[in-house]
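Subject: Structure for you to look at

Hello,

Here is the structure for you to open. Please keep it on screen while you read my notes below.

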Amino acid sequence: MITVLKGTHDVILDEASKYTYVEQVLIRVAETYGFKEFRTPIIEASNLFTRSVGDSSDIVRKEMYTFLDKGERSITLRPELTAGVVRSMVNNKLFIEQDYPKKAYYVGPCFRYERPQQGRYRQFNQFGVECVGVNNSYRDSEVIILAYNALKMLGFKDITLKINTLGDEESRLNYKTVLKEYFKEHLNSMCPDCHERYNLNPLRILDCKVHEDQEIVKNAPKMSNFLTENAKKAFEEVKAILTENGVKYDVDDSLVRGLDYYSGVVFEFHYTSKQGKNYGAIGAGGHYNKLVKELEGPDIEGIGFAMGIERLVSVMNDDNLFDEIDLEDTMLDVYILPIGEENIAYSLSFANKLRSLGYATEVCLENKGMSQMFKKAERRRAKLALILGENEIKNGEVVVKNLALKEQETIKMEDLVEYLDEILIKEE
Ligand code: HAM
């Protein structure tokens, strides 16, 4: 049997309804903040990611699905969407009128060749936003507030928001110099990856997950001691705005994020389900200062975040957050039971009429007995069963059974739409 590839999964049936629900809530929230949808390609030129996510990131060094296409071009399945969205803003000349910020939201699959584990897939879905063209603490805060409120809208209560600042260029330069000095003494006992990170970008060593390196990383100098006055001020402003808006956060000065384009405020949302499961960050993001310029756009800055839909759905399942949500919209309104083969054709066109009126309708197109058809209606979780036999059709009537209430009545065809509206719309 051919099965799904390692690190990928089918999202089907009720689970798919949950994905759709989560995505729709996130989209609705983003739209209330004035963000507009961007759909960018899943395949991009590989150098888009080496230039943006960065050569020193684990994503570029180890996790990209990269291949040569038939024209010998190096193509990569996107590991994230920020780079593609900013590229598309530049390609589509959205910055020409200098009407900032440009605000994009997106949803779609990403690919990373990671070791699959709880909450970590090789193909997963992200929802995210990018607010590009401004460098101001209000904009930074607004994006973090959006993410925080979106999680609240999904029903999350005790969200942990970790924030930190990577400062401005000068702060980072100072910090990297000090870090290099510190790690130089310890490098001999550290993992081979850290040797490479040391040369490419010592900040990445702070992300090292190797157990033996943890103690050394823990004792490394902290970014907060190397911030310029401007960088400190910007971070203080963001913190004050978050507090004013009721957003609780913890400053975590070991938070550096694994992608190279960040500068200024960075953040991650964490959540441990009541069962004690932690799927890793459910969302994360930060400010970027050189990304737009790096992709040949103007010298403007931006901020954004992305959330992993798989992780959100997993924790929501664990904490029963879907229980209070009406996913019934996705249920079937009407299941039609034709009595006898000769009434199937009529039922088929009758179903089409109901569908054109907006009712989700299915019809049993196989000649089956009544009890089998009722079972099918129940399995499909139809709200109403409509029975169409020779007598009903001749008399211009239909027998309607409310499957939840187990009540049955005969309705005149001309009254049916009003009847359905009454029952189905009242239920919503
Ligand atoms: P990221 O931290 O790499 O940031 O990913 C964002 C979120 O995607 C994570 O917090 C997690 O929920 C989800 N995620 C990442 N990898 C996996 C995986 N292998 N399996 C399941 N879920 C995963 C970014 O991608 C940045 N582009 C965020 C951003 C937007 N920064 C600025 N703008």
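Is Phe322 buried or exposed? Phe322 is buried, with a relative accessible area of 6%. (Buried means under 20% relative accessible area, exposed over 50%, partly exposed in between, with a 1.4 Å probe and protein chains only.)

Two notes before the rest. This is a predicted model, so local features need pLDDT of at least 70 and side-chain atom pairs count only at pLDDT 80 or more, while totals for chains, interfaces and linings use all residues. Residues are numbered from 1 along each chain as its sequence is written, and side-chain values use heavy atoms, with hydrogens and water left out.

Aromatic rings

The structure holds 12 aromatic pairs. (Rings of Phe, Tyr and Trp, the last by its six-membered ring, pair if their centres lie within 6.5 Å; planes under 30 degrees apart are stacked, over 60 edge-to-face, the rest tilted.) One of them joins Tyr21 and Phe322: the centres are 6.4 Å apart and the planes stand at 75 degrees, so the pair is edge-to-face. Tyr21 lies in helix α1 (residues 13-32) and Phe322 in the loop between α11 (309-318) and β12 (334-338), so the pair ties together parts 301 residues apart in sequence. (Helices, H or I of at least four residues, and strands, E of at least two, are DSSP runs numbered from the N terminus.) Tyr21 is buried too, at 18%.

Tyr105, Phe127 and Phe305 are linked by ring pairs into a cluster.

Charges over rings

Arg122 lies over the face of Tyr113, 4.0 Å from the ring centre. The charged end of Lys180 sits over the ring of Tyr198, at 5.0 Å from its centre. (This needs NZ of Lys or CZ of Arg within 6 Å of the ring centre and within 35 degrees of the ring normal.)

Backbone

Tyr100 and Pro101 are joined by a cis peptide bond, with omega about -5 degrees. Pro101 is in the loop between α4 and β5 (102-111).

Which value of phi does Glu296 have? Its phi is positive, about 70 degrees, although Glu296 is not a glycine. Glu296 sits in the loop between α10 (291-294) and β11 (302-308). At 61% relative accessibility, Glu296 is exposed.

Lys406 is not a glycine either, and its phi is positive, near 60 degrees. Lys406 is in the loop between β15 (397-402) and β16 (407-412). Lys406 is exposed, with a relative accessible area of 59%.

Best wishes
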